[in-house]
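Subject: Handover of a predicted model

Dear colleague,

Please find below the structure that I am handing over to you.

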Amino acid sequence: MEGLKEDWIKSLSNPLMLFSYIKHTLFGEKLSERKFPLISFEGIDFCGKSTQAKLLAKYLKEKGIPYRQFREPGGVYISEKIRNILLDPGNKGLLDTTELLLFAAARAQIVGEEIEPSLETKLVLLDRFHDSSVAYQGFGRGMGYKFVKELQKYATKGIYPDRTYWFNVSIEEVAKRKQVLTTNANTKLDRIEVSKDNFYQKVIDGYKHIARTEPWRFKTINAKRSIDEIHNDVINDANKVLQKYNLL
Ligand SMILES: Nc1ncnc2c1ncn2[C@@H]1O[C@H](COP(=O)(O)OP(=O)(O)O)[C@@H](O)[C@H]1O
Ligand SMILES: [Mg+2]
């Protein structure tokens, strides 16, 4: 599979990685008690998350697998209100600290209100989740990996995705897509989408860091390819998760 790196098991020869994996397996996230899986999609703006989330949702529907799909920040009434503050291009004075806490607040609300209860009876599909804060605020804004990650644990009550698909694409490629959308479709960019390339480069570095440290659930997908090729990679891997939960 060209787009999905599956060689993470080799990384366990590194003692630190092995320790991290054992820690994750024994004391990790609230995975084992769950009846349904949580899948999140990550990547920089315009990498193709929403396109792929829609396709995976269609696949789940065809298979008759119950699911809920949410976007972040937002997804529920209060979190959508916080989203408006976060993405309003007029809010130029928003401090990094305020931004970090607002993202965490929006996340806490949707986790408590929808994600946690939904996982009792359905698969949950998320267009962005806590990794976005680690990459954007932790790395992009330079607020620190450990601190931002710890805050996410609090906001999400330790609820962790079984799988995260990171659509890895270059800044040049998204610039092309952005150009098409802003000129042809007249799409207006939000407060974060207008960020400079060096910010996005740091965000990509953040995602790379997560891919290195949590390869068992965070899968890198080469998102420069066609929508169908990417979708096939997602399905091939998601099928394994569905089988694990006896949904296929
Ligand atoms: N694999 C792809 N190749 C080329 N264009 C794509 C691909 N995936 C998505 N797009 C286009 O790029 C734009 C951004 O996609 P979208 O799914 O909205 O990204 P995101 O939700 O990550 O911001 C859309 O115009 C979409 O049609
Ligand atoms: Mg989107």
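Helices α2 and α9 are oblique to each other, because their axes come within 10 Å and cross at roughly 50°. The crossing of these two helices is right-handed. On the side of α2 the contact is made by T51, Q52, L55, L56 and Y59, and on the side of α9 by I227, I230, H231, V234, I235 and A238. By class, this contact of α2 with α9 has eight nonpolar, three polar and no charged residues.

Please note that the model is predicted: local features need pLDDT of at least 70 and side-chain atom pairs count only at pLDDT 80 or more, while totals for chains, interfaces and linings use all residues. Residues are numbered from 1 along each chain as its sequence is written, and chains are lettered from A and ligands numbered from 1 in the order in which they are written.

The terms used here are as follows. Helices (H or I, at least four residues) and strands (E, at least two) are DSSP runs, numbered from the N terminus. Axes are lines fitted to C-alpha atoms, for helices over the stretch in contact, and angles run from 0 to 180 degrees between N-to-C directions. Angles under 35 degrees count as roughly parallel, over 145 as roughly antiparallel, 65 to 115 as roughly perpendicular and the rest as oblique. A crossing is right-handed if the near helix is turned clockwise from the far one by less than a right angle, and left-handed if anticlockwise. Two residues are in contact if their C-beta atoms, placed from the backbone, lie within 7 Å. Ala, Val, Leu, Ile, Met, Phe, Trp, Tyr, Cys and Pro count as nonpolar, Asp, Glu, Lys and Arg as charged, and the others, Gly among them, as polar.

Ligand 1

There are 14 residues around ligand 1, and G48, K49, S50, T51 and R177 come nearest (a residue is near a molecule or strand if its C-beta atom, placed from the backbone, lies within 6 Å of it). Helices α2 (49–63), α7 (171–183) and α9 (227–244) each supply at least two residues of this shell; α2 gives the most, with three residues. The shell around ligand 1 is made up of six nonpolar, five polar and three charged residues.

The sheet

Five strands form an open sheet with parallel pairing, in the order β2-β3-β1-β4-β5 (two strands pair if DSSP finds at least two bridges between them). At its edges are β2 (67–71) and β5 (218–222), each of which pairs on one side only. From one strand to the next, the twist averages 20°. Strands β1 (residues 38–42) and β4 (residues 163–168) run parallel and are joined by four bridges; F41 has Y165 of β4 as its bridge partner. Helix α4 (residues 96–118) packs on the sheet and touches β2 and β3 (123–127), its direction making about 155° with that of β2. Helix α9 lies across β1, β4 and β5 and runs at about 165° to β4.

Packing around α6

Helix α5 (residues 130–140) packs against helix α6 (residues 145–155) at an angle of about 150°, with their axes 9 Å apart. That makes α5 roughly antiparallel to α6. The contact involves H130, S133, V134, Q137 and G138 of α5, together with Y145, V148, K149 and Q152 of α6. These residues divide into three nonpolar, five polar and one charged.

The axes of α4 and α6 come within 9 Å and cross at roughly 30°; α4 and α6 are therefore roughly parallel to each other. In passing α6, α4 makes a right-handed crossing. From α4, L100, A104, R107, A108 and V111 make the contact, and from α6, V148, L151, Q152 and A155. By class, the contact of α4 with α6 has seven nonpolar, one polar and one charged residues.

Backbone geometry

Most residues other than glycine have a negative phi, and most peptide bonds are trans. The peptide bond from E72 to P73 is cis, with omega near -10°, and P73 lies in the loop between β2 and α3 (77–87). R128 has a positive phi of about 85° although it is not a glycine; R128 is located in the loop between β3 and α5.

Yours sincerely
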